[in-house]
Amino acid sequence: MTTQAYRYLFGPVPSRRLGLSLGVDLVPSKTCSLDCVYCESGTTTHLTVKRREWVPTEAVKEEISRYLLEHDAPDAVTFSGAGEPTLHTGIGDVARHIKKEAPGTRVVLLTNGTLFHMEAVRRDVLPVDLVVASYDAFDSDLFKVINRPHSSLNPQVMAEGLLTFREMYGGEFWLEFFVVPGVNDQEKELANIARVAKELRPHRIQVNTLDRPGAEAWVKPADAEILKRVAGTLEAGEVISSYDDSRKRLMVSDDVEAAILGMIGRRPATLADFVSSLGVNVDVLEEVLDQLLKKGCIVEECQGRGRFYKLSNGPKD
Ligand code: SF4
């Protein structure tokens, strides 16, 4: 059985950073405090900083328990998906539930870092083992260009919130910087980011760049030279590494169509991504993709990294 039987869980997918990772989506697609130009999940349809129980906390916990009964525990359970997980007021409750039900599994939060000026967010995130926070711009104008934030947000307050959290948090903390060439890769802005990073003392700094189609077509991947320069300026910077696929999971063919739709409902993927994530024979994948194209369920789009498949009407709710 795949997680297509689940409403709030997706994967597990081999993450470039976390190993085999089961995703938990705590907000409806696409509910976020930002509308990043590089977002792989498309344009934000609900731009908000309002925290609430966007999906029922008890239902999420029940799905996690059921998943763990039916499958091996993954390397990580990751709050991610098509939106900002800290907008959900039950995130701490769900994190504690995962730790109780799967003690050897890392609980991870991928966050845009915008809400840590709120005391309740800092408190709710404490049970998480690893926080990966994004910080793409210190300059307010660049922040608006790249992250298109909710009007109440500003990047300096965001940095202060992260710093306050960092001082009280005992878990692992990584900082991620997404390079948008020609926008936030100039020397002055990189010096700003490096200063914030120094104060935050992350265990790891990751430099990321586009490898799937983003929300805006003008956003291009950074080339190797830019990535090297940025990683050098930020010190300890690393370009995100690829996944060790030795634990990839096999899947029966009946599940393939649902698994493909589940994957690209969140972000576009190439044939190689499907092979790597689903562990399915390439001929089977090509046949299923062909059928989905003919039925009009999915469309193709050519990008630098190859031919991407995505839902014909954008990400699913
Ligand atoms: S990249 Fe993350 S923070 Fe930015 S719009 Fe997409 S979901 Fe929100």
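A hairpin joins β12 to β13 through two residues. The model is predicted; local features need pLDDT of at least 70, side-chain atom pairs count only at pLDDT 80 or more, and totals for chains, interfaces and linings use all residues. Residues are numbered from 1 along each chain as its sequence is written. Helices (H or I, at least four residues) and strands (E, at least two) are DSSP runs, numbered from the N terminus.

Strand β12 spans residues 298-303 and runs antiparallel to β13, with six bridges between them. Gln303 stands opposite Gly306 in β13. Strand β13 (residues 306-311) also pairs with β11 (residues 269-270), antiparallel, over two bridges. Pairing requires at least two DSSP bridges between the strands. Thr270 faces Phe308 of β13.

Helix α2 covers residues 91-101, and its buried residues are Ile91, Val94, Ala95, His97 and Ile98. A residue is buried if 20 or more other C-beta atoms, placed from the backbone, lie within 10 Å of its own. The buried residues of α2 fall within an arc of 160 degrees seen down the axis, so they line one face of the helix. The arc is taken from the directions from the helix axis to the C-beta atoms. Their cover includes β2 (19-25), α1 (57-70), β5 (76-80), β6 (106-111) and α3 (119-125).

In helix α4 (residues 140-147), Phe143, Ile146 and Asn147 are buried. They span an arc of only 80 degrees around the axis, which puts them on the same side of α4. Helix α5 (155-168) is among the elements covering them. Just after α4, Arg148 adopts a positive phi of about 40 degrees.

Terms used. A residue is buried if 20 or more other C-beta atoms lie within 10 Å of its own, exposed if 12 or fewer, and partly exposed in between; C-beta atoms are placed from the backbone. Two residues are in contact if their C-beta atoms, placed from the backbone, lie within 7 Å.
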